[in-house]
Amino acid sequence: MNRRSALVSSVAGAVVVALDGTVLTVAQPTLQRELHASFAEVQWTSTAYLIAVASLLVFAGRLGDRYGQRRMFGLGMLGFGAASAGIGLAPGIGWVIGLRAVQGVFGALLQPATLGMLRAVCPPDRLARPLAVRTAAVGLAAAAGPLLGGALVTELGWRAVFFLHVLPAAAFGALALAGRDPEPADREPADRVPLDVPGAALLAVTLAGLVHGLVTATPVSLGAAVVTGTAFVRHERRTAGPLLPPRLIGTPAVGAALGVLVAASAALSGTLFVGVYVLQRSLGLDPFASALRSLPLAVLLVASAAGCPVLLRRLGPRRTTATAMTLLALGALLLGRPSATAALYAGFALLGAGFGTVLVAATHVVVRQADVGTAGVAGGAQQTALNVGPALGVAVAGALLASGTGKPLLVTAFLAVLGVAATRWLPGASSIASVTPHVDERDRSPQPARR
């Protein structure tokens, strides 16, 4: 797999997953009415997927390191498409919830591979631009999802939003499995990459309990997550082949970048959760008018992702990410002034500019620290942070919403400020040798790049 095909596949996988989440949100009211489901059951169509995907991402990344990122991507895409078709044909809400969990399992297989494939064909100092392209595509998908989902639901019904993924997932999955890659020189042979099954089980239970506890506000689940999380840490310190390699996760820069991703996604998701109430309750806007008010977020997210490689080259990850997290905090604070139209537009614009920049910069730090043999684990850790963060942000914002919109927005801004503090452990400008394309990047040979 050469650089171009790896980038196209990475973008396709990320876009399919992003569209799935956004179009489902639009389809849920109609799904609830036609399947005679309760509100709690409809919530589980999202929760079941989130728990499944978040609990398995790191182990799925390790599977990619052992058996090949392209293979895991292909299996994940085919399974994701098949589960989507099954949901579109589901006779009842129980089937929808169960198949959403299955869809989450295959989503966990493909998501780390979308980053692992890029690392397999790009040396560390050539990752910023493909990551920017990938992030910009996800931003476009997130912006187009509600509009596309609304049109499909209106004209064809809620089932159409799930059939939307079937053909792209089948096509890219089949192409990935049909190809053959030469083995990169800096990758460990498959039989030398250990599978830490006990560690994977402990981590899966920990993350499932954490996400379930945050989403459903269940103290028992959170307590269980603490117990199994402690057991996981002890196990990782004693085992000869840990699931999370110390040379990757033990690096201060990687730990800080993952913390920043959790803080950024928590701040953004919590702010947007409150923003819906600001727009539709405080201002009395309908959903379409609300979407127009938030359009600057999508526009600036795409633009900032595209411009982030330049910032990384000039400022380095530390200053770039700290500035972007500050923009996130300011955006959350501006949304607390719903009476000022300019403040609303500016708030959404700052949220988009901050999050788009953070997503590229922090992901660049995580993935470039990994060698090819741990690229899947790095991708799984990055995706896990982006799944846990929103659950945390929405849980915190939802718990405070009864007191009005001002207090939860202050808290989400504070989450972003915590992210600013974590950036002190990120690399400085001198660590980025180059994030611009060189002449050798035009080489389209299928041989993977070496470090």
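1. In this predicted model, helix α2 (residues 39–67) packs against α4 with the two axes 6 Å apart and at an angle of about 25°. Angles under 35 degrees count as roughly parallel, so α2 is roughly parallel to α4. The crossing of α2 past α4 is right-handed. Sorted by class, the residues in the contact of α2 with α4 are 17 nonpolar, 7 polar and 2 charged.

2. Helix α1 (residues 3–34) also packs on α4, here with axes 9 Å apart and an angle of about 155°. Because angles over 145 degrees count as roughly antiparallel, α1 is described as roughly antiparallel to α4. The handedness of the α1 and α4 crossing is left-handed. On the α1 side, the residues in contact are R3, A6, L7, S9, S10, G13, A14, V17, D20, L24 and L31. They meet I93, V96, R100, Q103, L110, Q111, T114, M117, L118 and V121 of α4. The contact of α1 with α4 comprises 12 nonpolar, 6 polar and 3 charged residues.

3. A further partner of α4 (residues 93–121) is helix α5 (residues 128–156): their axes come within 10 Å and cross at roughly 150°. That angle makes α4 roughly antiparallel to α5, and the crossing is right-handed. From α4, the contact uses Q111, T114, L115 and L118; from α5, it uses P130, L131 and R134. By class, these residues are 4 nonpolar, 2 polar and 1 charged.

4. Which residues lie nearest the centre of the second largest pocket? They are L203, F232, L244, I249 and L258, out of a lining of 22 residues. The elements that give two or more residues to this lining are α8 (197–216), α9 (219–238), α10 (246–249), α11 (252–282) and α15 (375–400). Helix α9 supplies the largest share, 5 residues.

5. The space in the second largest pocket amounts to about 500 Å³. Its lining divides into 16 nonpolar, 4 polar and 2 charged residues.

Notes
Residues are numbered from 1 along each chain as its sequence is written. This is a predicted model: local features need pLDDT of at least 70, side-chain atom pairs count only at pLDDT 80 or more; totals for chains, interfaces and linings use all residues. Side-chain values use heavy atoms; hydrogens and water are left out. On a 1 Å grid over the protein atoms alone, a cavity is a set of points where a 1.4 Å probe fits but cannot get out, and a pocket is an open set with protein on both sides within 12 Å along at least five of seven lines; lining residues have an atom within 4 Å of a point. Grid points are joined across faces, edges and corners, and a volume is the space filled by probe spheres set on the points. Helices (H or I, at least four residues) and strands (E, at least two) are DSSP runs, numbered from the N terminus. Ala, Val, Leu, Ile, Met, Phe, Trp, Tyr, Cys and Pro count as nonpolar, Asp, Glu, Lys and Arg as charged, and the others, Gly among them, as polar. Axes are lines fitted to C-alpha atoms, for helices over the stretch in contact, and angles run from 0 to 180 degrees between N-to-C directions. Angles under 35 degrees count as roughly parallel, over 145 as roughly antiparallel, 65 to 115 as roughly perpendicular and the rest as oblique. A crossing is left-handed if the near helix is turned anticlockwise from the far one by less than a right angle, and right-handed if clockwise. Contact means heavy atoms within 4.5 Å.
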